[in-house]
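Here is a short note for a colleague who is new to this structure. Please keep the model open while reading the points.

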Amino acid sequence: MLEKCKGCLEMKVMTSNKPGPKPKFCSDCRNRDNWSAIRQAFYHYDATVPEIAMLLEVENCQVCNVKLEDGNKGGRGHKPNSRQIDHCHDTNKIRGVVCWNCNVGIGKLGDTIEAVEAALKYLKGKHNAVR
């Protein structure tokens, strides 16, 4: 039976080798290099297909401008410039696309403007230096 894939929007047979509910994405979409980002956007942030397409078109990190790479499958061993979908932890809304390093840095600063401003002030040397 043909069903519409939530990724490519084509009518396809939706099958999976894994037990459980029928997949919402076809095997072609699930086998893409950037499947991790697609799945994250769709399932975690309720992104629409056009929104996901827009996120995948972003070529450079929106913080440090490094060229982004696809293919990060999650877990250990993240590539420093792997595509990450950044989101607000309070609202769960997508903010943009950043590299893994910037995503971790923002997270380590608690996702707050105050902490980022304090870090900027520190880096500019506006603090009590040891020397």
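Is Asp86 buried or exposed, going by its relative accessibility? The points below take this up after a brief overview.

1. **Overall layout.** This is a predicted model. The protein chain has five helices and four strands. Starting at the N terminus, the order of elements is β-β-α-α-α-β-β-α-α. The chain counts 131 residues, and buried residues make up 27% of them.

2. **Asp86 and its partner.** Asp86 is buried, because its relative accessibility is 7% and the cut-off for buried is under 20%. The side chain of Asp86 meets that of Arg95 in a salt bridge, at 2.8 Å from N to O. Arg95 has a relative accessible area of 42%, so Arg95 counts as partly exposed.

3. **A salt-bridge network.** The structure holds five salt bridges. Some of them share partners, and in this way Glu10, Lys12 and Asp28 are joined into one network. Lys12 takes part in both contacts described next.

4. **Lys12 with Glu10.** The side chains of these two residues form a salt bridge of 3.8 Å, N to O. Lys12 has 17% relative accessibility and therefore counts as buried. Glu10 stands at 44%, so Glu10 is partly exposed.

5. **Lys12 with Asp28.** Here the salt bridge has an N to O distance of 2.9 Å. Lys12 belongs to strand β2 (residues 11-13) and Asp28 to helix α1, so the pair ties together parts that lie 16 residues apart in sequence. Asp28 is exposed, because its relative accessible area is 52% and exposed means over 50%.

6. **The largest pocket.** How many residues line the largest pocket? There are 13 of them. Ser16, Lys18, Pro23, Arg30 and Trp35 are the ones that lie nearest the centre of the pocket. Two elements, α1 (27-30) and α2 (35-45), each give two or more residues to the lining. The pocket has a volume of about 330 Å³.

7. **A nonpolar surface patch.** Which residues form a nonpolar patch on the surface? They are Leu2, Met11 and Val13. Together they have about 300 Å² of accessible area. Leu2 is part of strand β1, which covers residues 2-4. Strand β2 spans residues 11-13.

8. **Thr112 and Cys88.** Thr112 sits in the loop between α4 (100-108) and α5 (113-123). Its relative accessible area is 30%, so Thr112 counts as partly exposed. In sequence, Thr112 and Cys88 are 24 residues apart. In space, their C-alpha atoms are 9.8 Å apart.

9. **What to look at again.** One is the network of Glu10, Lys12 and Asp28, with Lys12 buried and Asp28 exposed. The other is the pocket lining, to which α1 and α2 each give two or more residues.

Notes: Residues numbered from 1 in each chain as written. Predicted model: local features only at pLDDT ≥ 70, side-chain atom pairs only at ≥ 80, totals over all residues. Heavy atoms only, no water. Patch = residues over 30% accessible without salt bridge, like charges linked within 9 Å, V, L, I, M, F, W, Y side chains within 5 Å. Areas by Shrake-Rupley, 256 points an atom, 1.4 Å probe, with all protein chains shown as cover. Salt bridge = Lys/Arg side-chain N within 4 Å of Asp/Glu carboxyl O. 1 Å grid on protein atoms, 1.4 Å probe; cavity = no way out; pocket = protein on both sides within 12 Å on 5 of 7 lines; lining within 4 Å. Points joined across faces, edges and corners; volume = space filled by probe spheres on them. Buried < 20%, exposed > 50% of the residue type's maximum accessible area, 1.4 Å probe, protein only.
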